[in-house]
Amino acid sequence: MLRSILSHRTTTLLTSPTLQQIRKMTTDVSTYRYNHTMYRIKDPKASIKFYTEALGMKLLEEHHSEESKFSLYFLGYEDPASKGLVRLGRQGLLELTHNHGTENDADFAYNTGNGDVGGYGHIAITVDDLQAACARFDSMSVKFIKRPEEGRMKHIAFVSDPDGYRVEILENPMLRK
């Protein structure tokens, strides 16, 4: 075992770039793009339904690994700029990661990072009409965390996905047709 560990360390040292090599590497940060955010989910059926039906996203791609017991679902919006692009060519996607079996455990829940001490925060979706979107969410029994009429910030709403992740809803009048 010790020989294996030493062999791995030697191989790593021989193949790892040196500080001088790293300094010579270049990258163009103007080509960097925000690709996706990943959420761990308990029940893919409930989560995909929420993001596709309530928020209007499209399920763009999915991958299933029975051996490793997980599935990945990539969701996003279709717009003229992204039409026909592969996943890595798109921006602003949501990756839902499901570890198989969690949907069958009534007591299972992920930590969304939004407990008593705060933490993570939320994603935000723009809509053409905030009041109409909220009325639509009501008709679909979407859980509200904050309605526009609550609190001082009347121009936003917050809803919750099936796992408790927060989604801010913002009106963008430029989206109106």
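The second largest pocket has a volume of about 290 Å³. The model is predicted. The largest pocket holds about 340 Å³ of space, and 3 charged residues belong to its lining. Across the whole structure, a search finds 4 salt bridges.

**Second largest pocket**

- Lining residues include Tyr34, Thr37, Met57 and Tyr77.
- Gly92, Leu93 and Leu94 also line the second largest pocket.
- So do Ile123, Ala124, Ile125, Thr126 and Leu175.
- Strand β7 gives the largest share of this lining, with 4 residues.
- Strand β4 (93–99) is also a contributor, and both β4 and β7 supply at least two residues each.

**Largest pocket**

- The volume of the largest pocket is about 340 Å³.
- The largest pocket is lined by 13 residues, and the closest to its centre are Leu55, Thr126, Val127, Asp128 and Leu175.
- The lining of the largest pocket is made up of 8 nonpolar, 2 polar and 3 charged residues.
- Strand β7 (122–127) and helix α4 (130–139) each supply at least two of the lining residues.

**Salt bridges**

- Side chains of opposite charge can pair when their charged atoms come close.
- Glu61 pairs with Arg87 in a salt bridge, with the closest N and O atoms 3.1 Å apart.
- This pair links distant parts of the chain, 26 residues apart: Glu61 is in strand β2 (residues 58–65), and Arg87 is in the loop between β3 (70–76) and β4.
- Glu61 is partly exposed, at 26% relative accessibility.
- Arg87 is also partly exposed, at 22% relative accessibility.
- Asp138 forms a salt bridge with Arg147, where the closest N and O atoms are 2.8 Å apart.
- Asp138 counts as partly exposed at 39% relative accessibility, and Arg147 is partly exposed with a relative accessible area of 23%.
- Arg176 forms a salt bridge with Glu171, and here the closest N and O atoms lie 2.6 Å apart.
- Arg176 has a relative accessible area of 44%, so it is partly exposed.
- Glu171 has 32% relative accessibility, so it too counts as partly exposed.

**Nonpolar surface patch**

- Leu19, Ile22 and Met25 form a nonpolar patch on the surface.
- Together, Leu19, Ile22 and Met25 have about 300 Å² of accessible area.
- Ile22 sits in helix α2 (residues 19–24).
- With a relative accessible area of 42%, Ile22 is partly exposed.

- Lys69 is not a glycine, yet it has a positive phi of about 60°.
- Lys69 lies in the loop between β2 and β3.
- Lys69 has a relative accessible area of 54%, so it counts as exposed, given that exposed means over 50%.
- Ser141 also has a positive phi of about 60° and is not a glycine.
- Ser141 is placed in the loop between α4 and β8 (143–146).
- Ser141 is exposed, at 65% relative accessibility.

Methods: Residues are numbered from 1 along each chain as its sequence is written. This is a predicted model: local features need pLDDT of at least 70, side-chain atom pairs count only at pLDDT 80 or more; totals for chains, interfaces and linings use all residues. Side-chain values use heavy atoms; hydrogens and water are left out. On a 1 Å grid over the protein atoms alone, a cavity is a set of points where a 1.4 Å probe fits but cannot get out, and a pocket is an open set with protein on both sides within 12 Å along at least five of seven lines; lining residues have an atom within 4 Å of a point. Grid points are joined across faces, edges and corners, and a volume is the space filled by probe spheres set on the points. Ala, Val, Leu, Ile, Met, Phe, Trp, Tyr, Cys and Pro count as nonpolar, Asp, Glu, Lys and Arg as charged, and the others, Gly among them, as polar. Patches are made of residues with over 30% relative accessible area and no salt bridge: like charges are joined within 9 Å, nonpolar side chains (Val, Leu, Ile, Met, Phe, Trp, Tyr) within 5 Å. Accessible areas come from the Shrake-Rupley method with a 1.4 Å probe; for residues, only the protein chains shown count as cover. A salt bridge is a side-chain nitrogen of Lys or Arg within 4 Å of a carboxyl oxygen of Asp or Glu. Buried means under 20% relative accessible area, exposed over 50%, partly exposed in between (1.4 Å probe, protein chains only).
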